[in-house]
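Try each task yourself before you read the solution.

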Amino acid sequence: MIRKNLIHVILLGLAGWSFLTNTVSAQDYYVYVAAESDDEVALLRFDGTNLEVVKTIEVGTWPNEIEGPHGLNVSPDGEFWYLSIAHGFPYGKVVKYKTGSDELVQEVEVGLFPATIAISEATGFLYVVNFNLHGRMTEESSVSVIETETMTEIERIPQGIMPHGSRMSPDGLMHYSASMMTGELVEIDAITLEVVRRLKTGSDPEGPNPKPTWVTPHPTKPLVFVANNAANQIAVVDLEKWEIVDHYETNKGPYNLDITPDGKLLIVSYKGAASTGVWDLEKGEELALIPNSRAVTHGVAVTPDGRYAFVSAEGVGGEPGAVDVIDLSTKELVASVDVGKQAGGIIFWKMTE
Amino acid sequence: MHSFISRHSPSVLIFMVLLTPLAVSAQDATISIVVDRTEITLNVNQTTRLSAKVLDASGRETDIQTRFYSRSRTSVAVSRDGEVKALKSGTYSIFVRASSPEGQRITEEIRVDVLYPPIESVTFTSAPEQVYVGTRVPLNPEVRDVSGQLRDDVDVHISIDNPSVATVDAFGHIVAHETGSVTITGQAEEATSYVIITVIPNPITDLNLSGGALEARTGDVIQYSAVARNAEGEPVQDAPVRYAVYAQPDDDLGASASAQIDQDGRFVAETPGLYTIVASTGKLSTESSIRITPRDAARQIELVGKGIVSDVHTSDLWVWEGVDGRDYAVTGTWRANGEAYFWDVTNPASPTIIDTVAVDARTVNDVKVSEDGSVCVISREGASNRRNGLVILNCTDPHNVTTYATYDEDLTGGVHNIFIYDHHIYALSAGRRYDIISIEDPTNPHLVGSFELESVGHSIHDVWVVDGIAYSSNWGDGVYMVDVGNGVEGGSPSNPVVIGHYVYPSGWNHAAIPYRSKDTGKFYVIAADEVSINGKMGGWVHFVDFTDPKNPKEVARYEVPEAGSHNLWIDGDRLYIAYYQGGLRVVDISGDLMGDLYKQGREVAHYFSNDANGHVPNAAMAWGPQVFKGNVFFSDMNSGLWIVKVQGDAVPDSAL
């Protein structure tokens with residue numbers, strides 16, 4: 001079994017090397033996106049030119065209530081996708097589906113309004129922030145930790161008020177998220193499941209709450225980037241010093257973030273500006289600002305080859321949501337497709353050729 | 001070639017490619033976890049420490065760390081280093097996990113049995129000191145453990161020392177045979193209790209059954225009263241009397257059980273036929289028969305008009321007489337575009353949309369209008385800026401509705417349901433509580449009070465206010481009656497005070513509305529379920545007798561098989577139910593209520609709101625009803641606004 005896995009890893013490594021060196025080969029990219037106000041998840045395929053909805057999967061179990069699918073993630077082996085369902089009575093849940101067939105495998109109740117999902121390759125656990133959008137904005141919430149083989153909630157870690165933007169360190173040993181209403185970056189040990197460190201993310205610790213909404217670690221450097229949504233900033237946090245070492249002044253409402261695997265580009269969704277920013281992390285400069293096809297830009301997922309960013313855009317009212325594809329080499333929007341209303345959580349699944 | 005790469009792979013791939021030669025030898029090594037115990041047994045609150053070590057392929061201990069986790073953390077807690085504490089009785093699982101430097105992840109499970117606390121007592125809760133020869137009395141043993149919890153999972157062995165005087169049957173009744181004294185022993189585990197019962201001569205010489213009737217209809221609750229007397233003709237007050245019924249239904253072609261009698265003597269039948277009520281005590285019994293006829297409740301129902309909404313789903317409605325004397329309705333939209341439609345329904349045969357209000361939302365789930373017809377409030381869910389809350393509208397002129405104010409303080413997560421009562425809005429904050437907002441000045445709404453339960457995992461779905469009492473529907477916490485100005489408990493909008501509450505086991509409580517029966521004086525809260533069963537709406541309507549609000553009792557139900565209850569309205573002695581795929585249902589709730597009103601033929605009418613041009617064609621999905629000026633208005637999720645009228649003419653039997 002171990003030997004088989006090793007061979008698989010070598011093959012994956014070679015395949016990955018191929019992706020990195022042969023950028024002209026034809027690829028199909030598959031992405032899942034959740035439509036929060038339509039209780040559905042769409043599977044999209046992009047062939048480098050055309051973006052299409054391959055399948056729409058109805059989610060939730062109450063046909064006459066809106067249950068609010070929000071966060072998505074895919075297991076490291078690509079075999080399963082996980083979805084947070086925000087609304088419950090009162091608790092939300094995380095649901096496990098098989099990729100490809102999209103059959104429901106199992107679900108587990110978690111905290112109030114679960115949102116962003118992270119999965120650690122190192123621990124095998126899933127971490128979901130309980131955003132508690134419904135509560136008074138003074139109530140402390142938590143991060144639920146789920147053992148994914150049996151879908152059992154093994155811990156609920158108190159974190160802060162309205163935690164959001166769950167992401168793992170590259171080695172899978174640390175979990176980072178932002179507490180929106182306490183204005184903090186929170187680091188959790190992914191194994192001990194304890195909060196290790198907290199850091200105010202505003203440029204002025206005594207100033208107004210910057211309302212951080214997302215955290216994304218750098219793939220190779222000891223840095224995390226925090227979207228200070230209300231302050232229109234990206235805070236750059238040095239993990240070794242545990243201090244903010246830079247602030248990027250941004251467009252209105254930076255919301256979700258992702259970084260290209262080479263660590264060179266930071267992709268920022270501007271929820272308040274209906275656009276997506278592409279930042280050069282070495283220069284700390286915004287290279288491009290690309291308008292999105294709907295008014296409320298939401299999530300970002302960068303492909304493993306670093307060629308494209310898939311961006312979800314919610315729309316307003318009865319408008320459908322949309323997913324836009326941005327070519328990160330030309331910094332242009334190259335494809336778009338309509339999906340369900342309030343398109344939010346988005347995650348890359350796989351590449352095929 | 002068909003290749004595959006996972007989301008997180010590129011950086012890992014570079015790493016793996018570089019390390020491949022090292023990875024080969026490392027991954028060949030298999031590690032394993034050895035735990036000192038794989039099964040442990042604890043008492044509640046007892047602690048123990050587990051230890052584990054990781055061995056390499058050759059069985060040598062490594063320095064790889066292990067970590068423990070509980071699969072039932074609220075029942076058995078474990079620290080990462082293996083300190084276990086039992087919190088709740090039952091069988092649970094802990095697992096210990098380790099990962100090799102090469103990423104091999106291994107897990108071992110530990111079974112944890114947490115013993116139930118020992119039994120402390122057995123009590124015969126209904127054992128009398130004396131019983132009469134020839135009678136049978138329940139003993140009702142009650143078992144408690146040392147933690148004080150009632151236990152129904154423990155066998156109780158009952159023995160009796162003098163079986164010629166009395167015996168105990170298989171169901172825990174003492175059966176008295178002759179005079180004498182017996183000691184009854186109850187044993188559960190190690191706990192034992194005794195009760196001494198004296199069997200005395202039976203003085204009862206006569207049993208008389210009064211009340212009842214010669215004839216009644218299905219669904220009529222008929223009271224019987226059996227009185228036992230001694231030889232002197234005096235009532236024997238403590239005589240144990242049992243009631244039973246046997247039936248000869250008119251339809252004897254495989255008919256099911258068709259009637260019931262409560263042990264307080266109340267009888268009700270579901271189907272026509274001849275029924276005989278039997279009262280017995282000891283060896284005496286007496287009977288009385290009653291002819292049950294069809295209730296004849298069914299009435300014709302006719303379509304008056306409809307306003308089909310084809311492009312979106314419809315939600316709730318409200319109908320009112322405008323300040324100009326004309327009649328209007330407002331309907332919301334669901335999973336749609338944030339619109340609310342204002343209708344002129346003065347001519348109910350031709351409802352006409354006269355204005356549309358669009359707000360930033362996907363769902364306008366609820367719509368309500370103030371008593372004077374000047375203020376309309378609509379709720380918002382799915383706002384693009386996630387600040388949902390309420391929109392307060394000036395509907396003095398429903399042709400030109402304008403906005404007084406928006407209000408979203410602490411309501412940003414979405415408002416599902418609202419009610420207006422006496423210049424206040426009762427607004428649900430996304431399923432946790434209701435806030436009470438003054439709109440005495442509708443341009444300046446402000447919070448004056450709030451009501452939220454304190455139970456773990458509490459949740460709320462709806463609130464309805466009548467006579468200063470708010471009736472909230474709280475899913476698993478059931479129905480709450482709260483004084484918000486009635487005065488019975490000194491409550492007010494700024495100081496809501498609980499009057500009473502009732503929980504039913506399913507946890508499906510979705511809507512509630514009060515009803516006082518003019519016939520009986522009884523006060524009910526009628527509660528409707530909402531539930532999805534395998535993706536299809538289900539549930540029924542519960543009738544809870546709240547005459548004594550401190551001791552409510554569920555007495556009846558109305559359950560349409562294979563459909564799902566939703567919203568309610570009461571007018572006179574009729575209940576109007578939007579029964580989702582079961583359409584509109586009209587039910588006769590006059591008189592005393594007991595049993596299943598659906599099976600008793602109390603349904604007055606039903607109407608399936610199917611329309612070929614509906615948003616979902618030909619698929620009734622009734623949402624909410626309202627009786628207004630003799631017509632029944634109701635909204636249908638799939639097709640819009642409907643107006644029907646229940647006629648006075650009975651439906652001929654042949655049509656049923």
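How many Å separate the centres of domain 1 and domain 2 of chain B, taken over C-alpha atoms?

Solution. Start with the ground rules: this is a predicted model, where local features need pLDDT of at least 70 and side-chain atom pairs count only at pLDDT 80 or more, while totals for chains, interfaces and linings use all residues. Residues are numbered from 1 along each chain as its sequence is written, and chains are lettered from A and ligands numbered from 1 in the order in which they are written. Next, find the domains of chain B: domain 1 is 30-114, domain 2 is 119-200 and domain 3 is 207-293, with bounds from an automatic or database domain assignment. The centres of domains 1 and 2 of chain B lie 46 Å apart.

**Exercise 1.** Work out whether A:Gly88 is buried or exposed.

Solution. First locate A:Gly88: the loop between β5 (80-85) and β6 (93-98) of chain A. Strands here are DSSP runs (E, at least two residues), numbered from the N terminus. Then apply the cut-offs: buried takes 20 or more other C-beta atoms within 10 Å, exposed 12 or fewer, partly exposed in between, with C-beta atoms placed from the backbone. A:Gly88 has 22 such neighbours, so it's buried.

**Exercise 2.** Give the strand order of the open sheet in chain A.

Solution. Strands pair if DSSP finds at least two bridges between them. The four strands run β3-β2-β1-β28 in chain A, paired antiparallel. At the edges sit β3 (51-58) and β28 (343-352) of chain A, each pairing on one side only. Zooming in, seven bridges join β2 (residues 40-46) to β3 of chain A, and A:Leu44 stands opposite A:Val53 in β3(A).
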